Structures are given as structure tokens and as C-alpha cells.
Amino acid sequence: SSSSSSSDSSLSLFSSLLSSSGGGGGASEAVGFVAVAISVLGFGSNFVPVKKFETGDGLFFQWVMCSGIWVVGLIVQCCTGFPKFEPLAMLGGFLWCTGNVLSVPIIRLVGLALGLSLWGVTNLLMGWLSGTFGLFGLNKQEVDTPAFNYVGAAFCVCAVLLFSVVKSDTNKQEHQAGSIQGNASSGQLEEQAMLAPENDSPPKVSSGPDLFAILDKLSPLYKRLIGIVAALIAGLLFGANFDPPQWLIDHGDDGDKHSADGIDYVFSHFCGIWVTSTAYFLLYSALMWNKPKVYPSAILPGFASGVIWAVADVSWFVANSSLSMVVAFPLIATGPGVVAAIWGVAVFREITGRTSLLILLGAFIITIIGVVFITLSKMITL
């Protein structure tokens, strides 16, 4: 099946990455760029296993997905020799998970394109600015040619905006907000479960009240204002989710000794994701009068999706350590759009029409230009 083959492939790459990124000061630049490639492939593909399964309003799905994420974190903890657990790194998991949960009402308030544009660009800029200017007490991260890095980041922002306006056939279907889950860490939005298998009977689901029905009663102006603010907040949360572990790395010699290797913070970070996800799901269940919308058919695909996402995020930790956030963040925040678009065109046949394909081609070209500039900013000095 697509879910098992995708997860097996990701785990194989992930195992190789772990064996290459041993010690304290972070991996080599070559390993860093390999980690970027794995992250881009993973974030662009992690919702493929659940493409044909109904996930409802996304709250149950995000909890199953986060359970898969936590299991990968546990494996990493064992493979790296049980490094010190860092409670502060859990804060990063809380930030990511909160932004991820916000994506559901955001899409309902302002729609797919605007929501993705706002939090995608904000996510990219937040992560890049954190490393470039040392926000929140982080050390400023230098590159050999800063001008190239600035130009590359600007191209990546333009690429994110272009990807967000590419229209797919699945956008015309109903229940758009309930079938979309944010791949938050990368800022890439994936449509999942929009196409149910034709010969399958409707999934069994426990149904309660519509938790987000109150949003539909707002005036268009308030819906837009609240949606825009929420999308910007989600983007800031996504972009800042690496800051707590990075702060520990940067201040490793201040009193308590903290590891200089980003991968040592994975388990703590993923624990923050799972605990926050569980808390939100329990709150959701209570608000639904103990009748949350649960889709049993989405459990295994959702878990596989979490595994693939986690492998991609572990790779992002490695990329941050070896290349710096200034280089890794724009590359990984933009690249999954290319991979997801290839899935949409070549496999699912979602993206059709001359205009959409031309916009997609333009986004590809701009992404490549941005990647070239950012890579050169790390490799050459003018």
C-alpha cells in the first residue's frame, strides 16, 4: 500500500541519516543538505497515505498523527543513547501543535489560499529572522554571503505565495475545512481525504455538534479579520517552534550543560507535540459532549502520516545543526510545495488547466532560483 511503502522508504532514509550525524557539533554540510532533501520529500509526501480516507474536522486525525510522531521520537531517543530530557524543548512542540490545530478554523474563516499564504510566508520569515537576527535570545547565525541569503529568502517567499494560488480540482468539493490539515512545520498545506474510495461505504463516525458552527454566524468582515489574525499567529507559532531547542543549543555552556547536537532535542520536542495534541483532543471531546468525530479508517493511515512527518522533522533538526536555520528554514519551508505539486499533477491528477500549470511552473522556477542563492550563500564568499 502507499502508506506502508512511503513510511518504509522514509524510515530507511532516516536510519541512514542517524548513522551519519553522530557527534556533538552537528553533522557536515553534505549531511545537512541530505537532511534538507529528506525533509522536503517527507513534508511534501506525508499526507499521501491518508489521501483517500475521510478525516472529518481534523481534530481526531491530528491526535493519531501526533501519536505516530511521538513513537518516532522514542526511537530516536533510543538510537541516540537516551540524551538528557529537556522540558524547555517541549515548548517548541506546544507551539507547533497549537498552530496545527488553528489551521482548521482558519480555513473555515478565510479559505485555503489566503490561509496558506499568510501562515506559509509568516512561518518562513519567522524561522529565517530568528536565525538571521538572533530573536528571542538566539545567537545570530552567519553565512558566507549574506546578500545571497537575503535574495534567496525573498525568492522563497514569492514561491510560497505562488504555490498558494495554484488551484486543484479537489478544492471544489465540500467540507473543505474539515478535510485539510496543516503540515505546519513546513508551512505547507496538504489536502487530505478529499476523495473517498468510490466503492467503499461511508465511514462509521461518532457524530456530535459542529464545534466550529459559531464561526459561520460571524459577519464577513469579522470572519476575515479573525481568520487573518489567526493565520498570522499560526505562522508565527510554526516559525518559532525550533527556537526553544535552538536556545538551549546556543546557551549550552550557561550553567547547566546542554547538548550542541539538535537531534538530542527531538524526543523532548515530540513529547511536547503529543502532550499538547492529547490535551486539545480531550478538550475537543468535552466540547463535543463526549461525542468527538472519530474515523476508525483513518487510524493506520494517520499514524503512517505522523511517522513520515516525524522523519522529515528529525531531518530538519539535523539540517538546522549543520547548515544553520538561516539556510535550512527557507529551503525546507519552500521545497515541500514542489513535491506536493508533483504528487498532485503526476499521481492524483488534481492540478489541471493551462493557467494553474503555468503558475506551478513559475513557482518551480522561483523555488529553484531561491534554493540556488541560499545554497551559494553557504558555500562561496564574495
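A salt bridge here is a side-chain nitrogen of Lys or Arg within 4 Å of a carboxyl oxygen of Asp or Glu. By that rule, the structure holds one salt bridge. Please keep in mind that this is a predicted model.

**Overall layout**

- Along the sequence, the elements of the protein chain run in the pattern α-α-α-α-α-α-β-β-α-α-α-α-α-α.
- The protein chain counts 382 residues, and buried residues make up 57% of them.
- Take the contacts between residues at least 6 apart in sequence: 86% of these join residues at least 24 apart.
- The protein chain exposes about 15700 Å², and carbon and sulfur atoms supply 68% of that area.

**The salt bridge**

- The partners are Lys84 and Glu86, whose closest N and O atoms are 4.0 Å apart.
- Lys84 is partly exposed, at a relative accessible area of 46%.
- Glu86, on the other hand, counts as buried because its relative accessibility is 5%, and buried means under 20%.

**Aromatic pairs**

- There are 20 aromatic pairs in the structure.
- In one of them, Phe43 and Trp309 have ring centres 5.8 Å apart and planes at 65 degrees, so this pair is edge-to-face; the cut-off for that label is over 60 degrees.
- Phe43 belongs to helix α2 (residues 29-45) and Trp309 to helix α10 (residues 299-323), so their pairing ties together parts that are 266 residues apart in sequence.
- Phe43 and Trp309 are both buried.
- Phe60 and Phe281 make a tilted pair, with 6.0 Å from centre to centre and 50 degrees between the planes.
- Helix α3 (residues 59-79) holds Phe60 and helix α9 (residues 266-287) holds Phe281, so here the pair ties together parts that are 221 residues apart in sequence.
- Phe60 is buried, and Phe281 is buried as well.
- Ring pairs also link a cluster, made of Phe43, Trp96, Phe242, Phe270, Trp309, Trp316, Phe317 and Phe329.

- Asn320 sits in helix α10 and counts as buried, with 6% relative accessibility.
- Leaving aside residues up to four places away in sequence, Asn320 touches Phe242, Met325 and Ala328; Phe242 is also a member of the ring cluster.
- Ser324 lies in the loop between α10 and α11.
- Although Ser324 is not a glycine, it has a positive phi of about 85 degrees.
- With a relative accessible area of 9%, Ser324 is buried.

**Helix α11**

- Helix α11 covers residues 325-347, and 18 of its 23 residues are buried, so it is mostly covered.
- At 1.5 Å a residue, the 23 residues of α11 should span 33 Å, and the 32 Å between its end C-alpha atoms agrees with this.
- Gly337 lies in α11 and counts as buried at 3% relative accessibility.
- Gly337 and Gly44 are 293 residues apart along the chain, yet their C-alpha atoms are separated by 6.4 Å.
- Arg349 follows α11 and has a positive phi, near 55 degrees.

- Helix α12 (residues 354-379) includes Val372.
- The 26 residues of α12 should span 38 Å at 1.5 Å a residue, and the end C-alpha atoms are 37 Å apart, which agrees.
- Buried residues in α12 include Ser356, Leu360, Ala363, Ile366 and Thr367, along with Gly370, Ile374, Thr375, Ser377 and Lys378.
- Val372 is partly exposed, with a relative accessible area of 41%.
- A nonpolar patch on the surface is formed by Ile368, Val372, Leu376, Met379 and Ile380, which together have about 410 Å² of accessible area.

**The loop between α9 and α10**

- Trp289 is found in the loop between α9 and α10.
- Trp289 is not a glycine, but it has a positive phi of about 55 degrees.
- Trp289 is exposed, with a relative accessible area of 71%, the cut-off for exposed being over 50%.

Note on methods
Residues numbered from 1 in each chain as written. Predicted model: local features only at pLDDT ≥ 70, side-chain atom pairs only at ≥ 80, totals over all residues. Heavy atoms only, no water. Patch = residues over 30% accessible without salt bridge, like charges linked within 9 Å, V, L, I, M, F, W, Y side chains within 5 Å. Areas by Shrake-Rupley, 256 points an atom, 1.4 Å probe, with all protein chains shown as cover. Helix = DSSP H or I, 4+ residues; strand = E, 2+ residues; numbered from the N terminus. Buried < 20%, exposed > 50% of the residue type's maximum accessible area, 1.4 Å probe, protein only. Expected span 1.5 Å × (residues − 1). Contact = heavy atoms within 4.5 Å. Phe/Tyr/Trp six-rings, centres within 6.5 Å; stacked < 30°, edge-to-face > 60°.
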